[in-house]
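Here are a few exercises to work through with the model open. Try each task before reading its solution.

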Amino acid sequence: MKAEVHIIKERCKGCGICIEICQASVLEISEELNTNGYHPPVAKNPEACINCGMCEMFCPDFAIWVTVVKEADVNV
Amino acid sequence: MSRSIVEGVGPIHPFNEFLQVGSIPSVWCPGCGIGTVVNIFIETIEKLKVDVEKLCVLSGIGCTGKIIDYLKFNSAHKVNGSVLQYASEFKMKNPDKKVVVFLNDVDLMIAGSDDLLNIGTKGMDVFVIYINNFIYYVLIEHRSLLKTPFMGTTTDMSSASPFNIPHLAKSCGARYVARWTPLHVRRLMYSMRDALQRDSLSFVEVISPCLIYYASDGIVGRSFDRMKLFHDNAVIKHNEPIENLDIRFQDKVIVGEFIDEREK
Ligand code: SF4
Ligand code: SF4
Ligand code: SF4
């Protein structure tokens, strides 16, 4: 089972909670700025995601979530 | 996590149906625990499959009061401590609605404790989520009502005596009392789940530090460190005697589920 991390950059306020909370070190602060002037996270290491859902539960602005990628989709 | 499996849908946040999407990002400071509490609340609503038509969310003054701006539920915003009074009136007129109230220090400690007593003694089914950030006061003489743990740089703050809010809730007749910090996400979710299923007054205190407060005193740097300060200084003691729950200066914060009296 693979998981995919989705980030809405414009919703993010750059608090960094998701980066700290991720046990698998998937996320990293990015260089780019969104329109509010914050640095959203980026998935630097998406294969390592274990789909724990912690980033999704902690994010105060509903900017990040994970979905499961079905095996069939991965092979295509 | 079955809810994470979104089939045939593009990148849409699973909670978008409960959110006023246009208002997000919220006005809260980056890293403020209130946003996480809202996230956990929506997750609880979704997991329990609560009928949102039967739900009414009320909020009071201050940063906590902004919560309803981002929720797509039946909601009302009441100023200056009248939210618990409104909750009791609303519940009397609409007994079939599930009332959830988000409070902060003013709504409960300064203006609403009499209404909490009213709700509790009448056995009304109201779920109170009290977000305690140790900060709010409307007049300078209200300032010493709550004790701020882990800091006491100003003399008026450190002279304040601690107040035991779970004890207040229990005395008012709450039959479910718990306390967590926003970083205890799963435990907070289980507490919200249990509290929502009770049919009398239930009370959950969330200790969520105000980041601005700490920043102005130059205590710690990043927002996550400030939240973690409370998380690391929390000890989980379920069913701790309610008298021991006051938060003393630079002492451990006791969190857990303290009272769970089910209906007989
Ligand atoms: S789901 Fe878990 S492992 Fe994946 S990015 Fe989020 S916190 Fe990290
Ligand atoms: S927790 Fe949410 S708001 Fe904070 S940095 Fe991560 S995605 Fe952005
Ligand atoms: S950090 Fe303090 S001022 Fe900022 S939103 Fe949270 S409670 Fe309000």
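**Ligand shells**

*Exercise 1.* Sort the shell around ligand 3 by residue class.

Solution. This is a predicted model. The shell around ligand 3 splits into seven nonpolar, one polar and no charged residues. Now look at who comes nearest: of the eight residues around ligand 3, those are B:Cys29, B:Cys32, B:Cys63, B:Cys210 and B:Leu211.

*Exercise 2.* Describe how helix α1 of chain B packs against helix α8 of chain B.

Solution. Two packed helices are described by the angle between their axes and the distance between the axes. Here, the axes of α1(B), residues 33-48, and α8(B), residues 185-196, come within 9 Å and cross at roughly 50 degrees. That angle is why α1(B) counts as oblique to α8(B). For handedness, α1(B) passes α8(B) in a right-handed crossing. Next, pick out the residues that meet: among them are B:Ile40, B:Phe41 and B:Leu48 in α1(B), and B:Leu188, B:Met192 and B:Arg193 in α8(B). Sorted by class, this contact has 10 nonpolar, two polar and three charged residues.

**Chain B overall**

*Exercise 3.* How many helices and strands does chain B have, and what share of its residues is buried?

Solution. Count 10 helices and eight strands in chain B. Of its 264 residues, 54% are buried.

Conventions:
Residues are numbered from 1 along each chain as its sequence is written. Chains are lettered from A and ligands numbered from 1 in the order in which they are written. This is a predicted model: local features need pLDDT of at least 70, side-chain atom pairs count only at pLDDT 80 or more; totals for chains, interfaces and linings use all residues. Side-chain values use heavy atoms; hydrogens and water are left out. Axes are lines fitted to C-alpha atoms, for helices over the stretch in contact, and angles run from 0 to 180 degrees between N-to-C directions. Helices (H or I, at least four residues) and strands (E, at least two) are DSSP runs, numbered from the N terminus. Angles under 35 degrees count as roughly parallel, over 145 as roughly antiparallel, 65 to 115 as roughly perpendicular and the rest as oblique. A crossing is left-handed if the near helix is turned anticlockwise from the far one by less than a right angle, and right-handed if clockwise. Contact means heavy atoms within 4.5 Å. Ala, Val, Leu, Ile, Met, Phe, Trp, Tyr, Cys and Pro count as nonpolar, Asp, Glu, Lys and Arg as charged, and the others, Gly among them, as polar. A residue is near a molecule or strand if one of its heavy atoms lies within 4 Å of it. Buried means under 20% relative accessible area, exposed over 50%, partly exposed in between (1.4 Å probe, protein chains only).
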